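Hi,

Here is the structure I promised to pass on. Have a look at it first, and then read my notes below.

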Amino acid sequence: MTRDRKVGLGAMALLLLALASYPYLGTSGYQVSIASTVLIAAILASTVNFLAADGGMASLGHGAIAGAAAYGAGWASLQGHSMATQIALAMVVGILVTTVYGVLSMRTNGIYFLMVTLALGMVVFGLAYRLSSVTRGENGITGIERPEVLAEPWAFYLFLVGCFAVTTAALWVVSRSPFGATLRGIRDSESRMRSLGYYVPAYKLGAFMISGTIASLAGLLAVWHTHFVSPSATELGRSVLLIVMVLLGGLGTTLGPLVGAAIVILVENVVSNSVERWPTVLGLIFILTILFARAGLVGSAAKVLRRRRRGTDAGEPDTAEPAGLTTTTTIP
Amino acid sequence: MLTLPRWSAALSLGVVAALALTACAPASSEDPTEPPAETAGASDDETGDEAPAQAEGTLKVGYISPITGNFAVAGQEMVDGWNLYWEINGNEVNGVTVETIVEDDAGNPEISLTKARKLVESDQVDVVVGPLLANTALAVAEYTSSVGVPNLHPVAAADDLTQRAANDFTVRSGSMSGSQANYPGGVWAADQGHETAVTLCPDYAFGWESCAGFKQGFEQNGGEVTAQFWYPNGTSDFSTYVSQLQSAGADIAYVATAGGAPGPDFMRSFLGLGLKDTQPLLMNCCSMDQATLRAMGTEVLGIHSVSNWAEGRDAPEVAEFNAAYAERYDGKIPSLNVAGGYVTASQVAQVLAENGLVTGDELVAAISATTFEDSILGKTVFDEYNNPVSPVYIREVQEVDGQLLNVPIETFDAVDQWLGMDPEEAMARPNYSQQFQG
């Protein structure tokens with residue numbers, strides 16, 4: 001296992017190196033900006049991925065959490081507060097909203113969890129849209145600056161690469177920890193975990209808080225990227241796209257969110273330059289993935305490789321099989 | 001021992017996939033390697049200013065509009081209006097070729113921003129036109145002004161675009177601010193002898209601004225708005241709102257929508273309750289546009305509305321525009337969105353004809369300094385904040401040669417965006433909302 005882990009870490013380091021060297025390969029500001037958008041979306045998608053894969057909780061509200069954090073920064077910037085206050089307020093607002101989500105949803109699962117997060121997402125959207133004295137309504141808040149050190153697009157991009165590495169590593173560690181194992185236990189059978197003495201809602205709340213905190217960070221990064229926040233950042237559509245990203249990349253895979261985010265963002269922003277019916281393209285990619293690569297692109301590619309190797313190796317059982325959104329409980 | 005675990009294989013594959021995908025971005029946007037040559041040509045010709053009689057070069061225009069998504073119809077119309085002008089008049093003015101790249105933003109401000117970046121940094125356009133929605137427009141205007149590229153707005157109505165967020169690179173070319181276009185409606189209603197009014201507007205920025213414009217026009221002239229109702233976007237059944245209007249019992253009802261289905265939906269409820277003959281009604285631009293007229297037919301004959309565009313105005317430029325549009329689009333009559341795109345194109349053309357190739361803030365200054373006598377919107381000049389000062393029409397639906405048209409019955413000339421206040425005074429107040437209507 002040690003050798004495998006080394007290879008994995010090597011691959012990860014290689015990816016980070018590739019990502020970090022991207023601005024130096026003669027890319028234009030526009031291309032760096034697209035890559036930044038992909039990274040931010042990937043961070044946000046990885047929080048949804050963590051919650052859905054390990055906790056079995058598919059959230060339709062993470063776009064709204066990120067949006068709420070963005071509004072925190074935006075409001076502070078509008079009031080002329082310092083950068084430190086803006087950051088603090090963004091995180092406080094994001095975490096506050098996450099807490100509300102978490103407390104209201106920790107006793108639910110499956111479709112009920114989905115509906116609770118959906119409803120709360122709509123509440124955040126409604127507030128952003130209608131509470132114009134704070135959010136300026138549909139017009140949104142413009143002119144939100146990022147810290148001076150990150151003013152250069154490439155500096156900000158490298159910072160994002162760092163953020164992506166740190167958050168992905170953090171989620172990976174949490175997922176492999178006893179806490180993560182407990183979460184998967186709850187996902188597979190809540191009643192069994194309860195009878196084993198675990199206080200299930202606390203674990204669910206904990207998972208939601210971890211996921212929501214990183215989502216708030218993503219929201220802050222997004223507003224630093226666009227200098228702008230409007231109700232559309234909290235729209236249901238954004239949250240749905242996050243789920244699409246996760247499923248495209250592969251639920252429960254470490255790099256799935258990055259791949260999924262890259263596909264969605266590139267279709268939205270680059271393919272749409274030349275193809276007028278780009279939403280159809282996105283839909284087709286999604287349908288084909290669901291039909292022919294149910295474990296997502298990363299997950300399915302890994303499966304294919306594994307099957308090929310099975311010839312030389314007596315099929316070693318997998319410890320962290322990517323699970324579907326609706327997990328089947330199999331008691332051996 | 002030779003085997004790797006599943007997840008490391010996934011990682012390495014991820015590397016390949018991510019690299020391939022990131023490689024896609026440069027590859028597909030590297031094609032604009034040809035444009036720099038043209039742009040170089042264009043900048044050479046900036047020196048051609050001294051000889052405005054015959055400038056040469058290319059004005060590259062990036063046009064952002066929601067061609068897909070919920071606002072696809074309005075977005076496409078905005079593009080059609082722009083293209084129509086160049087189709088009729090040719091895209092070469094005074095030796096300058098106008099080249100347009102259209103980009104779709106699906107009404108999402110994040111995509112609008114990426115598209116604006118792409119147009120400016122990758123395609124190196126000289127001017128960005130659009131987008132359509134208030135939030136997308138404000139986001140793009142902020143970006144373009146930060147990089148010194150002019151931004152023209154054919155349709156966006158957000159007050160702030162030419163007020164609190166005004167700058168030297170942003171012009172509202174083809175539309176009016178939300179409150180500006182409806183203020184004369186209030187003045188007119190008061191002049192008609194109505195003493196009380198009730199309003200119904202969509203519950204978001206555009207609705208707040210429209211209602212605030214009407215209310216201030218009405219109350220500054222002695223009227224009183226007794227009740228204001230707000231409906232959420234997406235309302236399709238207006239019967240409860242119509243009964244509220246009815247029970248408010250005011251002399252006149254003012255109703256605004258942002259275009260699309262709510263206009264006809266409201267009219268069906270209003271007519272269904274038989275209020276047409278008993279309750280005087282004034283609609284805004286977009287609730288009584290051609291889409292509503294086509295949907296409702298002769299039932300809406302005689303309904304009044306207020307807008308800066310009147311397709312039934314008796315002027316040769318309007319007739320020419322209507323005919324040209326009808327010829328290309330199945331005999332349809334152009335809406336405010338088409339007019340906005342067309343007007344923007346005509347302003348660019350006139351400025352190019354008079355000044356040769358101008359770019360940057362000079363283009364904005366040139367537009368702002370020009371008087372557009374024969375605009376299809378009526379005589380237009382610009383204020384210091386690059387917002388049009390132009391006529392607003394009180395229109396009545398009439399049948400002209402078998403077609404239903406909004407014919408102006410009264411014209412308010414040279415309406416500015418300040419609603420009878422000083423600019424400083426107006427901008428010191430909070431943005432309009434349900435709570436603050438001025």
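Let's start with Arg136 of chain A: is it buried or exposed? Arg136(A) has 27 C-beta neighbours inside 10 Å, and the cut-off for buried is 20 or more, so it counts as buried. You'll find Arg136(A) in the loop that runs between α6 (132-135) and β1 (141-142) of chain A. Its backbone is worth a look too: phi of Arg136(A) is positive, at about 60°, although the residue is not a glycine. Keep in mind that this is a predicted model.

Asn386(B) is not a glycine either, and its phi is positive, near 60°. Where does Asn386(B) sit? Look in the loop between β12 (381-382) and β13 (388-400) of chain B. Asn386(B) has 24 other C-beta atoms within 10 Å, so this residue is buried as well.

While you're in chain B, check the peptide bond from Gly130(B) to Pro131(B). That bond is cis, with omega near -5°. Pro131(B) belongs to the loop that links β4 (127-129) and α5 (134-147) of chain B.

Next, go back to chain A for a pair of helices. Two packed helices are described by the angle between their axes and the distance between the axes. For helix α8 (residues 178-188) and helix α10 (residues 200-226) of chain A, the angle is about 115° and the axes are 10 Å apart. The crossing of α8(A) past α10(A) is left-handed. Which residues meet there? From α8(A) come Thr182(A), Leu183(A) and Ile186(A), and from α10(A) come Val200(A), Tyr203(A), Lys204(A) and Ala207(A). Sorted by type, the residues of this contact are five nonpolar, one polar and one charged.

Last, zoom out to the whole of chain B. The chain is divided into domain 1 (51-176 + 314-386) and domain 2 (178-307 + 391-428). Each domain is listed as two stretches of the chain, so colour them by those ranges if you want to follow them. The centres of domain 1 and domain 2 of chain B, taken over C-alpha atoms, are separated by 27 Å. How many residues of each domain are in contact with the other? In chain B, 16 residues of domain 1 touch 20 residues of domain 2. On the domain 1 side, the residues in that contact divide into seven nonpolar, four polar and five charged.

Happy browsing!

Technical notes:
Residues are numbered from 1 along each chain as its sequence is written. Chains are lettered from A and ligands numbered from 1 in the order in which they are written. This is a predicted model: local features need pLDDT of at least 70, side-chain atom pairs count only at pLDDT 80 or more; totals for chains, interfaces and linings use all residues. Helices (H or I, at least four residues) and strands (E, at least two) are DSSP runs, numbered from the N terminus. A residue is buried if 20 or more other C-beta atoms lie within 10 Å of its own, exposed if 12 or fewer, and partly exposed in between; C-beta atoms are placed from the backbone. Axes are lines fitted to C-alpha atoms, for helices over the stretch in contact, and angles run from 0 to 180 degrees between N-to-C directions. A crossing is left-handed if the near helix is turned anticlockwise from the far one by less than a right angle, and right-handed if clockwise. Two residues are in contact if their C-beta atoms, placed from the backbone, lie within 7 Å. Ala, Val, Leu, Ile, Met, Phe, Trp, Tyr, Cys and Pro count as nonpolar, Asp, Glu, Lys and Arg as charged, and the others, Gly among them, as polar.
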